[in-house]
Amino acid sequence: MRRHPILYTLLAAFLAFGIWTLATVPVPQPRFGDAARALSGEGAVIERSTGRSGDWSGTGGDPGGSQWSALDQITPANVGNLEVAFTHHSGDFKDGDTYSGTRMEFIPLVVGRTLYYCTPFDRVIAVDAANGTQRWAFDPFKASGGRPALFKGEMAPKHCRGVAYWHDPEAKAGAVCADRIYRSSGDRAIVALDAATGRPCEDFGAGKGHPGYVSHTDFDPRGEGPVPASSPPIIINGVVVAATGARDNLRDAADGITRGFDARTGEMLWEFDPIPAGHERDTGAANIWSLLSGDPGRGLVFLATTSPSPDYYSATRNFDIPYSDAVVAVDVKTGKVRWHYQTVHNDLFDYDLPTNPMLVTIRKDGRLRDVVIQPTKSGLVFVLDRDTGKPVFPVRETPVPASRVPGEHASPTQPIPVLPEAFAKTSVTRGEMFGLTPIDRAWCRAKFDSLRYDGPFTPPDAKGALTVPSSMGGTNWGGATYDPVTNLLVVKTDNLASTMAIREKPKGFKNGDFMTRELPNSNLIASGEFFLSPLGIPCMPPPWGTLTALDMSSGRIVWQVPLGQSHRFGMTVPAFLNWGSPTVGGPTSTKGGLVFVGATLDSKFHAFDIRTGRQVWNVDLPAPGMSVPASYEVDGQQYLAIAAGGNAFAGTKLSDALVVYKLRK
């Protein structure tokens, strides 16, 4: 047989590299919880807006956004018996890059026997929640049933995170629009539909001359470039509360205004503007792009706001903006602020609040307490009293590095909770730099040496600065679930870093992605990217994705485990390496003692025992399930639903699948 010395040499080198990799790269060890942790059932009941525990009547399951279900038919003992009940295909997806492809992020909404969801092309679809038979589909860009289209033109791909439901307590049983579905449309409008037929409710918006919807475009945006909201409105005590989007790369971006509308007529009742009076043209944004929460008993809606514009640079906004990066409690009838709590001062890091404020009742200090839990991109959790906004756990104003950008004044301190413990990696050292080979590890260390890094909240500057966690988080949208049975908050985490520089604009510069752009009214650019090696692999040490359980009595981590498997060069990292996966989406927990989560790049749907953090089930999805699962009940049967359409922004496989599971009989 003919020998091939070059081939043998390459094969030997490949094997040696593989052995070196397995011998030297870190294998993070999971931290498991105690299987004997009591499932006591002593927590406060989390009520659905419909009054039926088997519904999933809001994007977070309930008005407070707990992402928890009281259903307990599926348990760690039988979760392996789950099978597909049905798959529904909308046909609404499009392959493409970050801006031309679809992102399927809807959280299913279930009321009675009907499941409702929205698509990336602005349609709303209703299906039978037990078998997937389509009941109706609404397209605002097409005429239907003798009615003209609501909007002209064609909808470009966008992402929709769900729809909202409201029952009119004054309507007669069976009346048209007695039950309504609302969604924030791609045309910056809020559409109201009859839940039974999908036809527009013509009394909603009639006063503005467009029956069936109201539009934010009817009101002053106070700035440039308002964009559609990706998240649904919320209906609290007969008021539809809807947020607006903003182009946060503009100095004078549209203000992040939230408005309240009468749920029947669409009449605007109030508006909340987070930008201080007199500065509307100096900055903008501080909008809400995540989900909204509400407390009907207190008559409050809770807003989680973002950074002011422009991101990463504050020389044009060196004044106090207390409602940015803040939890804001607003009276749902008047729009007046009851209280607020700012989580980042003078944000230079794009540390928007990425999740809804979670309105739950925890057990602490031997009693039940109504709180607001706010997970953040910075890897920190703020737990606030729901009536006053004061921290339940201690928070310290901690000195942080100063800015070196001319004309910019970074906040000298940032609020950092003593407890709960940080759920993400919030700092890193040179020695922790990761690499698959000695070469790319050395590259990461050299890059680390070239950047400014003085610990958490290091501001961008001309040299380039390291941001840990990255501007994507920490955690991101849909990031946490609270289980009242175990008193655990379970957060999904990305342990990545990013770099950001503020530099003079070179000739011929063109805006790139969301982290590289021209800064308005200046000769500067913001130039950022994820901190990756030349192989496109994170320089941060793994695990890059985790699931973490925090005890809300002590604030301590109970368990922390890798989540998912990363995918690169057409290969999936072996599970035994425990490297985890970057994520989009979040978890749901159930009274059966399980945490369900998709979110990962590997197209898996996972279940974990909530007491221990041990994975007890996973299954392949048609595409990554980058949303939040919903659990509901029909005819005594528990179901589990997830949008499995992937995300063009994350570069994953794309699909249009809604997949629903139930136990085999």
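**Notes on cross-links and pairing**

1. Cys201 has a relative accessibility of 0% and counts as buried (under 20% relative accessible area; exposed is over 50%, partly exposed in between, with a 1.4 Å probe and protein chains only). Its disulfide partner is Cys177, at an S to S distance of 2.1 Å. The cut-off for a disulfide is a pair of cysteine sulfur atoms within 2.5 Å. Cys177 lies in the loop between strand 7 and strand 8, and Cys201 in the loop between strand 9 (189–194) and strand 10 (213–215), so the link ties together parts 24 residues apart in sequence. Cys177 is also buried, at 6%. The S-S torsion is about -105 degrees, so this disulfide is left-handed.

2. On provenance: this is a predicted model, in which local features need pLDDT of at least 70 and side-chain atom pairs count only at pLDDT 80 or more, while totals for chains, interfaces and linings use all residues. Residues are numbered from 1 along each chain as its sequence is written, and side-chain values use heavy atoms, with hydrogens and water left out. Helices (H or I, at least four residues) and strands (E, at least two) are DSSP runs, numbered from the N terminus.

3. The whole structure contains 3 disulfides. Another of them joins Cys118 to Cys160, S to S 2.0 Å. Cys118 is in strand 4 and Cys160 in the loop between strand 6 (134–138) and strand 7 (164–167), so parts 42 residues apart in sequence are tied together. The torsion about this S-S bond is about -95 degrees, so the link is left-handed. Cys118 is buried at 1%, and Cys160 is buried at 3%.

4. Cys444 and Cys539 form a disulfide with sulfur atoms 2.1 Å apart. The pair connects helix 2 (residues 438–450), which holds Cys444, to the loop between strand 31 (524–530) and strand 32, which holds Cys539; the two parts are 95 residues apart in sequence. At -70 degrees about the S-S bond, the link is left-handed. Numbered in sequence order, the bonded cysteines of the chain pair as 1-2, 3-4, 5-6.

5. How many salt bridges does the structure hold? The count is 28, taking a side-chain nitrogen of Lys or Arg within 4 Å of a carboxyl oxygen of Asp or Glu. One of them joins Asp122 and Arg183, 3.0 Å from N to O. Asp122 is in the loop between strand 4 (114–118) and strand 5 (124–128), and Arg183 in strand 8 (residues 179–184), so parts 61 residues apart in sequence are tied together. Asp122 is buried at 0%, and Arg183 is buried at 2%.

6. Glu518 and Lys505 form a salt bridge with closest N and O atoms 2.7 Å apart. Glu518 is partly exposed at 33%, and Lys505 is partly exposed at 34%. Asp295, Arg298, Asp370, Arg386 and Asp387 are linked in a salt-bridge network.

7. An open sheet of 5 strands has the order 1-36-37-38-39 and mixed pairing (two strands pair if DSSP finds at least two bridges between them). Strand 1 (68–69) and strand 39 (615–620) are at the edges with a single partner strand each, so one side of each has no neighbour in the sheet. Strand 36 (residues 587–590) and strand 37 (residues 594–597) pair antiparallel over 4 bridges.

8. Asp551 is in strand 32 (residues 545–551) and is buried at 13%. Its side chain reaches the backbone nitrogen of Ser553 at 2.7 Å.

Conventions. Polar contact = N/O pair within 3.5 Å; in protein donor to acceptor, adjacent residues only side chain to side chain.
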